[in-house]
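I opened the model to look up a few residues and some totals for the chain. These are my notes, in the order I made them.

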Amino acid sequence: MLQWGSDSPTRMAVVRRSDGAVTWFESDTFWVWHFINAHERPTAGGGTEIVVDCPIWSNPGMGLAPEPGEAQIRRFRLDLDRRTVHTEDLSDLTTAFPRIDDRRTGQPNRWFHAAAKDPDDPDLHGGEWNRLIRLDTETGTVRTRDGGRTRFGEAVFAPRAGATAEDDGYVMTYAFDVDTLETTFVILDAADIAAEPVAVLEMPHRVPAGLHGNWLPA
């Protein structure tokens with residue numbers, strides 16, 4: 001039902017919302033599951049470009065390619081006037097489920113959080129993530145929280161009460177202990193995810209590894 005076209009370029013469509021006009025771009029072959037964010041900005045030559053950040057994979061996995069997929073975090077700059085694509089690699093980390101401060105959606109953002117892997121853990125299976133990272137897209141600095149035998153889900157941002165600055169708040173995720181089979185809900189300081197948790201809530205039952213979550217203010 002699905003095939004991986006490893007010899008075909010990846011095509012990206014930019015759709016203008018006002019009239020539906022489509023501009024197509026082509027890039028080297030890659031696969032993407034989840035996007036970090038995107039925003040529009042002027043170019044040095046007076047034109048317009050769209051900046052898109054996302055973790056990319058050399059293939060989608062799932063048995064569609066003979067070799068394992070390799071991942072990295074890449075920035076694409078789509079020049080709408082010249083119809084060219086410029087790329088910049090932000091990190092070579094293998095990550096999934098990247099999330100930003102949702103108040104910055106469609107606007108420039110500096111930080112994002114994501115699930116990641118300890119590459120030296122022999123017990124880590126596909127689809128399991130035992131690290132959380134916080135990446136600064138301006139400096140490339142990465143803060144890491146190692147889970148060891150704990151598997152993390154998607155880390156969702158929640159702003160601190162009254163806060164207006166980007167990423168001033170908390171990241172929250174389910175954490176599953178593979179030895180005890182117990183799940184906790186972990187709340188971390190978004191600016192210092194390696195520090196002691198702000199709170200750890202015990203779940204009354206196991207929460208299976210999930211995909212996505214959202215913060216809904218009361």
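In which strand is the place of Val15? I found Val15 in strand 1, residues 10-15. I took strands as DSSP runs of E of at least two residues and helices as runs of H or I of at least four, numbered from the N terminus.

**Ground rules.** I am working with a predicted model, in which local features need pLDDT of at least 70 and side-chain atom pairs count only at pLDDT 80 or more, while totals for chains, interfaces and linings use all residues. Residues are numbered from 1 along each chain as its sequence is written, and side-chain values use heavy atoms, with hydrogens and water left out.

**Val15, continued.** I looked up its cover: Val15 is partly exposed, with a relative accessible area of 49%. My cut-offs are under 20% relative accessible area for buried and over 50% for exposed, with partly exposed in between (1.4 Å probe, protein chains only). Leaving aside neighbours within four places in sequence, I listed Gly20, Ala21 and Val22 as the contacts of Val15. Contact here means heavy atoms within 4.5 Å.

**Whole chain.** I counted zero helices and 16 strands in the protein chain. The radius of gyration is 19 Å, close to the 17 Å that the globule rule gives for 218 residues, so the chain is as compact as a globular protein of that length. I took the radius over C-alpha atoms, and the rule is 2.2 Å times the number of residues to the power 0.38. The C-alpha trace spans about 55 × 50 × 30 Å along its principal axes. I noted that 39% of the 218 residues count as buried. Of the contacts between residues at least 6 apart in sequence, 42% join residues at least 24 apart.

**Charges.** I recorded 22 positive and 35 negative side chains, with the centres of the two sets 5 Å apart. Lys and Arg count as positive, Asp and Glu as negative, and His and the chain ends are not counted. Each charge is placed at NZ of Lys, CZ of Arg, CG of Asp or CD of Glu.

**Thr173.** Is Thr173 buried or exposed? Thr173 counts as buried, at 2% relative accessibility. I located Thr173 in strand 14, residues 169-177. Its side chain reaches the backbone oxygen of Gly153 at 3.1 Å. Beyond four places in sequence, Thr173 is in contact with residues including Leu132, Phe152, Ala155 and Phe185.

**Thr150.** I found Thr150 in strand 12, residues 150-152. Thr150 is buried, with a relative accessible area of 19%. Its contacts, again leaving aside neighbours within four places in sequence, are Trp129, Asn130, Ala175 and Phe176.

**Thr48.** I placed Thr48 in strand 5, residues 48-57. At 26% relative accessibility, Thr48 counts as partly exposed. Thr48 and Asp81 are 33 residues apart in sequence and 6.7 Å apart in space, C-alpha to C-alpha. Asp81 is also among the contacts of Thr48, as are Arg41, Pro42 and Leu78.

**Positive phi.** Most residues other than glycine have a negative phi. I noted two residues against this background. Asp167 has a positive phi of about 65° and sits in the loop between strand 13 (156-159) and strand 14. Asp167 is buried, with a relative accessible area of 6%. Phi of Leu181 is near 60°, and Leu181 lies in the loop between strand 14 and strand 15 (183-189). At 49% relative accessibility, Leu181 counts as partly exposed.

Terms used
A polar contact is a pair of N or O atoms within 3.5 Å; within protein, one must be able to donate a hydrogen and the other to accept it, and residues adjacent in sequence count only if both atoms are side-chain atoms.
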